[in-house]
Amino acid sequence: MKNKFKITRADYLKAARKARREEEIAEHLRPVNINRIHKSKKVYNRKKNKADLKKDLPCFIAFCEWQVAG
């Protein structure tokens with residue numbers, strides 16, 4: 001008895017997506033995210049602003065405060 005194998009629409013779409021993804025990686029040398037939303041630089045972002053402040057502070061100020069408090 002023969003085994004009948006039918007390719008469903010879901011199988012076809014899955015194979016097409018996989019092939020497209022592999023071509024994209026071969027072309028760009030990394031996966032490319034096309035669904036990411038572009039964030040405006042003008043939008044207020046407290047978390048990023050505070051991280052930038054901590055990054056810009058010189059280390060000796062934090063060390064001096066630690067010695068005075070300790």
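Val32 sits in the loop between helix 1 and helix 2 (46-56). The model is predicted. In this model, Val32 counts as partly exposed, at 25% relative accessibility. The cut-off for a buried residue is under 20%, so Val32 does not qualify as buried. Beyond its neighbours within four places in sequence, Val32 is in contact with Arg21 and Glu24. Val32 and Arg21 are 11 residues apart along the chain, and their C-alpha atoms are separated by 8.8 Å.

Glu24 forms a salt bridge with Arg21. The closest N and O atoms of this pair are 3.2 Å apart. A salt bridge requires these atoms to lie within 4 Å, so the pair meets the cut-off. A search of the whole structure finds 1 salt bridge. Both residues belong to helix 1, where they are 3 residues apart, which means a separation of about one helical turn. An α-helix has 3.6 residues a turn, so residues three or four places apart point the same way. Arg21 is partly exposed, with a relative accessible area of 39%.

Helix 1 covers residues 9-28, a run of 20 residues. At 1.5 Å a residue, a helix of this length should span 28 Å. Helix 1 is hardly covered by the rest of the chain or by its own residues: among its 20 residues, the count of buried ones is 1. Just after helix 1, Leu29 takes a positive phi of about 65°.

Tyr12 also lies in helix 1. Its relative accessible area is 56%. The cut-off for an exposed residue is over 50%, so Tyr12 counts as exposed. Tyr12 contributes to a nonpolar surface patch together with Phe5, Ile7 and Leu13. The area of this patch is about 510 Å².

At the level of the whole chain, the secondary structure comes to 3 helices and 0 strands. Read along the sequence, the pattern is α-α-α. Buried residues account for 1% of the 70 residues in the chain. The chain exposes about 8200 Å².

Definitions and conventions: Residues numbered from 1 in each chain as written. Predicted model: local features only at pLDDT ≥ 70, side-chain atom pairs only at ≥ 80, totals over all residues. Heavy atoms only, no water. Helix = DSSP H or I, 4+ residues; strand = E, 2+ residues; numbered from the N terminus. Expected span 1.5 Å × (residues − 1). Buried < 20%, exposed > 50% of the residue type's maximum accessible area, 1.4 Å probe, protein only. Patch = residues over 30% accessible without salt bridge, like charges linked within 9 Å, V, L, I, M, F, W, Y side chains within 5 Å. Areas by Shrake-Rupley, 256 points an atom, 1.4 Å probe, with all protein chains shown as cover. Salt bridge = Lys/Arg side-chain N within 4 Å of Asp/Glu carboxyl O. Contact = heavy atoms within 4.5 Å.
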